[in-house]
Amino acid sequence: MDQNAAAALQYAQEHRDVYLHDLTDFLRIPSISTDPSFAGEVARAADWLVNHMQSIGITARAVPTGGHPVVVGECVHDPTLPTVLVYGHYDVQPPDPIELWDSPPFEPMVREGALFARGSSDDKGQLMVHLNALEAYAHTAGRPPVNLKYILEGEEESGSGSIPAFLDRYAKELTADVVLLSDTTLFAPGVPSLTYGLRGLAYVEVTLIGPDRDLHSGTYGGAIENPINALCRLVAGLHDNDHRISVDGFYDDVRDVTPQERAAMRALPFDAAAWASEVGVGATRTEAGYSVLEASTARPTLDCNGIWGGYTGKGAKTVLPSRAGAKISTRLVPDQEPDDIIEKLRAHCESRVPGTMRLEFRKIHTGRGVLVDTESAPMEAASQALEAIYGVRPHLTRIGGSIPIVADFKERLGLDSVLMGFGLDSDAIHSPNEHFGLDRFDQGTAAVIHFLSLYGKIGDRR
Ligand code: BES
Ligand code: MN
Ligand code: MN
């Protein structure tokens, strides 16, 4: 390891309390992007970042969009060096159900070696490791051995609606050699991985509307068709007995797992039974012919995410409801086109609406799945960086979640991404009691310092 990296690593070790203090400040801001009443807080988080970035020597600003601001920054000092574009998101999921938190979601608290707060793992804690690394270089060698640019998003958790247009408009300013981000998981505690695949998604809301008001189920039941009954039939018909999705043409463009990938996935130290029992179920259910790991990361899915209608309060109410609704999302894989899937889903639903009611079908958001190049110089630098921290080469994994901007980076800016994440499935992201292990906060910072140093060298020969 070179001297500058060693000095930066030492600085990071000695200033972990400062890093933790800054992250805690950042986590206090409830930057919930999906709820319009929190728009002011999202803007405050963007401003917090701009100030913090400026304080460590990054030229930064918050750029307004039709949605939430995008924070951009740069630390570009030598045009002959490679340029890394760092991505992260500063928005968070709503904390609900709030009563299930052991400490308030926006009052960060350290317990048992982990920092508990909404956003601690997804993604504020992981985003901050990149700023920590830059700060360590700024206070030691003065500058990192590569050029750095930053794009920090405030809409990732709500569909990234402003991102495509933003990337097109600021493409020049965002010119780089590779994107680096930490918004994914390690394979297991102490077992590093680089993610090479993300699923996409297509999210819709469907409503079946019957009578023009709620009715007495005794007076009308038996002769007026019930929208909840019909919606349940519709949802139940979305899968067949092999747990395949029954929407016509749904699998047309699916790029299947290759035999090599299958073999690599089989070789991973993954215990499906333990994985299932950790979430309290006795058995898994996958699309026929696919393993748990394949089905949960490399095959498309369809899930009903919420369903409502009629009376759900205490006791009983004999009501025949006017309407019933459901939120339905599909996880997609390359080369499924989200808008095409939405049209296929729409056609499926429309053809199954009973003649006694009408359908409202609304698209909420979409994102493409992606597979990144695993053989590139920056991937090699990331492998070596993780090996330096964990003592073993990282596994290459696909994950089932989505980060829509990653496909846009490829399509709109021509950039591949290195997905070097430090989360764990057990971090409870999007759930009550989200947390991020302080060991992983430190490992992340150190891994980024290594990465910048290694890529500065390997990248020279690109
Ligand atoms: N960081 C996650 C993606 C992720 C999920 C990584 C699971 C590792 C494990 C990201 O913030 C996320 O939650 N994405 C959403 C995207 C959606 C709101 C468009 C998702 O996957 O549901
Ligand atoms: Mn995230
Ligand atoms: Mn998330």
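**The chain as a whole**

The protein chain has 13 helices and 18 strands; these are DSSP runs numbered from the N terminus, with helices being H or I of at least four residues and strands being E of at least two. Its radius of gyration is 24 Å, close to the 23 Å that the globule rule gives for 462 residues, so the chain is as compact as a globular protein of that length. That radius is taken over C-alpha atoms, and the rule is 2.2 Å times the number of residues to the power 0.38.

Before going further, a word on conventions. This is a predicted model, in which local features need pLDDT of at least 70 and side-chain atom pairs count only at pLDDT 80 or more, while totals for chains, interfaces and linings use all residues. Residues are numbered from 1 along each chain as its sequence is written, chains are lettered from A and ligands numbered from 1 in the order in which they are written, and side-chain values use heavy atoms, with hydrogens and water left out.

Along the principal axes, the C-alpha atoms fill a box of roughly 80 × 50 × 45 Å. Of the 462 residues, 54% are buried. Buried means under 20% relative accessible area, exposed means over 50%, and partly exposed is in between, using a 1.4 Å probe and protein chains only.

The accessible surface comes to about 19,900 Å², and 49% of that belongs to carbon and sulfur atoms. Areas come from the Shrake-Rupley method with a 1.4 Å probe; for residues, only the protein chains shown count as cover.

How do the contacts run along the sequence? Among contacts between residues at least 6 apart, 79% join residues at least 24 apart. Contact means heavy atoms within 4.5 Å.

On charge, there are 40 positive and 63 negative side chains, and the centres of the two sets lie 4 Å apart. Lys and Arg count as positive, Asp and Glu as negative, and His and the chain ends are not counted. Each charge is placed at NZ of Lys, CZ of Arg, CG of Asp or CD of Glu.

Helix H4 covers residues 124–138, and its 15 residues should span 21 Å at 1.5 Å a residue; the end C-alpha atoms are 21 Å apart, which agrees. The expected span is 1.5 Å times one less than the number of residues. In H4, 14 of the 15 residues are buried, so the helix is largely enclosed by the rest of the structure.

Helix H13, residues 438–458, gives a similar check: 21 residues should span 30 Å, and the end C-alpha atoms are 30 Å apart. H13 is mostly covered, with 18 of its 21 residues buried.

Gly 125 sits in H4 and is buried at 0% relative accessibility. Beyond its neighbours within four places in sequence, Gly 125 is in contact with Leu 23, Gly 119, Ser 120, Phe 436 and Phe 441.

Leu 167 belongs to helix H5, residues 163–169, and has 0% relative accessibility, which counts as buried. Its contacts, leaving aside neighbours within four places, are Ile 151, Leu 174, Ile 405, Asp 408, Phe 409, Arg 412 and Leu 413. Helix H12 is residues 405–413, and its buried residues include Ile 405, Asp 408, Phe 409 and Leu 413. Leu 167 and Asp 408 are 241 residues apart in sequence, with C-alpha atoms 7.9 Å apart. Just after H12, Gly 414 takes a positive phi of about 70°.

**Backbone details**

Most residues other than glycine have a negative phi, and most peptide bonds are trans. Where are the exceptions? The bond from Asp 96 to Pro 97 is cis, with omega near -5°, and Pro 97 is in the loop between strands S3 and S4. Another cis bond joins Pro 334 and Asp 335, with omega about 0°.

Ser 160 has a positive phi of about 55° although it is not a glycine, and this residue is buried, at 3% relative accessible area. His 430 has a positive phi of about 70°, but His 430 is partly exposed, at 39%.
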